[in-house]
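Subject: Model for your files

Hello,

Here is the structure you will be working with. Please open it alongside this note.

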Amino acid sequence: MNGRLTRREFLAYASIFGWIPFFRPHHIGLAGARFQIIRNGNPRRHYLLIHGDEEAARQVLLYHMRAHEGIAYLAEGQTRNIQVAGGEIDPNRMFSRAGAEASLRALNPEWGPDRIAAALRILDAGREKLVRALLPRPGGRLIALHNNSEAYSVVNEIPQSDAASIREPDNPHAFFLCTDEGDFRVLAGSPYNVVLQNKPPEKDDGSLSRLAAARHVRYMNLEVAHGHRDRQREMLDWAEWNLP
């Protein structure tokens, strides 16, 4: 033997011991959804921007990752919906087969059963790999940043929530949605609106929050209106300072 490692042996040792950081992927995706991965230390804190058109949330998350540890997943592109099998789907409805089918039918009304089935097969084949990446390790947490419009606010979530603390009734577009009771108790002591959703819903909408609740993962949506970067940054900082 010449004492030199083959390329295959080198890669095997790197994957086992984790001492070659540049071999870790910089992107992950499913169908037309592609996410840039930004790593900065602590692997138990995950962050997500799932809709490419939510620019305020993107800027807040990029700024946040300069000073805070964690792993961020940022949707590439500038559109809300993504492409799959020649049609569209809301990426935050693709985390279950039932939710994906409902979104495909709503956004592609001209599609017949065969085209829907083909798109669902693509999503079924790659969904779990994406889920494993996005969800944190046991004991970790995931914060997803969203921007909303006039048609959506905490008022829409209260009827389907298990608990609510409304501290800013005059600002319903800024709120937390969480899946963990401990996180809810802390956030209920904040100056912000917060709802808890940790029970199985009557209807599976395919959202990541519902999947996280079903798997008992600490998950939070941080919602503010489009363009309200300062408020979103303030709320994210509050969560970082006060949540374990």
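Predicted model: local features only at pLDDT ≥ 70, side-chain atom pairs only at ≥ 80, totals over all residues.

Residues are numbered from 1 along each chain as its sequence is written, and side-chain values use heavy atoms, with hydrogens and water left out.

The sheet

Helices (H or I, at least four residues) and strands (E, at least two) are DSSP runs, numbered from the N terminus. Two strands count as paired if DSSP finds at least two bridges between them. Nine strands form an open sheet with mixed pairing, in the order S1-S2-S4-S3-S7-S11-S9-S10-S8. The edges are strand S1 (27-30) and strand S8 (163-165); each has a single partner strand, so one side of each is left without a neighbour in the sheet. On average, neighbouring strands of this sheet are turned by 20° against each other, direction ignored.

Strand S11 (residues 218-225) is largely enclosed by the rest of the structure, because eight of its eight residues are buried (under 20% relative accessible area, with a 1.4 Å probe and protein chains only). S11 is joined to strand S7 (residues 141-148) by eight bridges, and the two run parallel; Leu145 has Leu222 in S11 as its bridge partner. Strand S9 (residues 175-178) runs antiparallel to S11, with four bridges between them, and Leu177 is partnered with Asn221. S9 is also joined to strand S10 (residues 193-196) by four bridges, in parallel. There, Phe176 stands opposite Val194 in S10.

The helices

Axes are lines fitted to C-alpha atoms, for helices over the stretch in contact, and angles run from 0 to 180 degrees between N-to-C directions. Contact means heavy atoms within 4.5 Å. Helix H2 (residues 55-67) lies across strand S2 (33-40), strand S3 (45-49), strand S4 (70-75) and S7, at about 155° to S4. H4 lies across S1, S2, S3, S4 and S7, and runs at about 145° to S1.

How do H3 and H4 meet? The axes of helix H3 (residues 97-107) and helix H4 (residues 113-134) come within 10 Å and cross at roughly 140°. On the H3 side, Arg97, Ala100, Glu101, Leu104 and Arg105 take part, and they meet Ile116, Ala119, Leu120, Leu123, Asp124 and Arg127 in H4.

Regards

How values were computed
Buried < 20%, exposed > 50% of the residue type's maximum accessible area, 1.4 Å probe, protein only.
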